[in-house]
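Please keep the model in view as you read.

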Amino acid sequence: MENEKFQELVLRKLEENEQFQKNTLNQFELINKKFEENEQFQKSALKQFELINKRFEENEQFQNSVLKQMQALTQGQARLETDLKKLELKMENEVIERLRGLYDDREVRNEKLDKIEQRLTDIEVDTNYLVLKVKRLEMMAK
């Protein structure tokens, strides 16, 4: 009997061992499945990282483009300011001088007109004097 008990014990141990192997195999399969899921997750994360990196590079290019445009605008504004200063100087130097010339010319003309007016007044006075003298002479001759 002891042999039977021993065989039963060995059979039980074999069954336990078989059960242990099945459990271990199931655990390995679960671990393998988790490993595969982890690999897929890593591939997905890598793709997302590549997309983010690509977008970052595109954003960097866009920012560089905007910076270049801003620099061009700044240079254009500086040129406009320089041109505006040149125009102001030109106006001060040329236009103001021309206005002074026109003003001086007007003064000269006014002086000439004043002289002409004075001469007309003098001629009028002389004419009136002569008219009066002629009338007196005519009265004396009558």
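Leu102 is exposed, because its relative accessible area is 58%; buried means under 20%, exposed over 50%, and partly exposed in between, with a 1.4 Å probe and protein chains only. Leu102 lies in helix α1. Helices here are DSSP runs of H or I with at least four residues, strands are runs of E with at least two, and both are numbered from the N terminus.

Which residues make a nonpolar surface patch of about 580 Å²? Leu102 is one of them, together with Leu84, Leu87, Met91, Val95 and Leu99. To join a patch, a residue needs over 30% relative accessible area and no salt bridge; nonpolar side chains (Val, Leu, Ile, Met, Phe, Trp, Tyr) are joined within 5 Å, and like charges within 9 Å. Areas come from the Shrake-Rupley method with a 1.4 Å probe, and for residues only the protein chains shown count as cover.

## About the model

This is a predicted model, in which local features need pLDDT of at least 70 and side-chain atom pairs count only at pLDDT 80 or more, while totals for chains, interfaces and linings use all residues. Residues are numbered from 1 along each chain as its sequence is written, and side-chain values use heavy atoms, with hydrogens and water left out.

## The whole chain

How many helices and strands are there in the chain? There are one helix and zero strands. The radius of gyration is 59 Å, well over the 14 Å that the globule rule gives for 142 residues, so the chain is more spread out than a compact globule. That radius is taken over C-alpha atoms, and the rule is 2.2 Å times the number of residues to the power 0.38. Along its principal axes, the C-alpha trace spans about 200 × 25 × 15 Å.

Of the 142 residues, 1% count as buried. The accessible surface comes to about 14,500 Å², and 57% of that belongs to carbon and sulfur atoms.

## Lys112 in the helix

Now look at Lys112, whose place is in helix α1, residues 2–141. Lys112 counts as exposed because its relative accessibility is 53%. Gly101 is eleven residues from Lys112 along the chain, and their C-alpha atoms are separated by 16 Å.

## Charges and salt bridges

The chain has 26 positive and 30 negative side chains, and the centres of the two sets lie 10 Å apart. Lys and Arg count as positive and Asp and Glu as negative, with His and the chain ends not counted; each charge is placed at NZ of Lys, CZ of Arg, CG of Asp or CD of Glu. Side chains of opposite charge can pair when their charged atoms come close. A salt bridge is a side-chain nitrogen of Lys or Arg within 4 Å of a carboxyl oxygen of Asp or Glu, and the count comes to five.

One of these joins Arg109 and Asp105, with the closest N and O atoms 3.0 Å apart. Because they are four residues apart in helix α1, about one helical turn separates them. Arg109 is exposed at 52% relative accessibility, whereas Asp105 is partly exposed at 34%. Lys22 and Glu18 form another bridge, at 4.0 Å between the closest N and O atoms. Lys22 is partly exposed at 47%, and Glu18 is partly exposed at 46%. Glu107 and Arg106 also meet in a salt bridge, at 3.5 Å from N to O.
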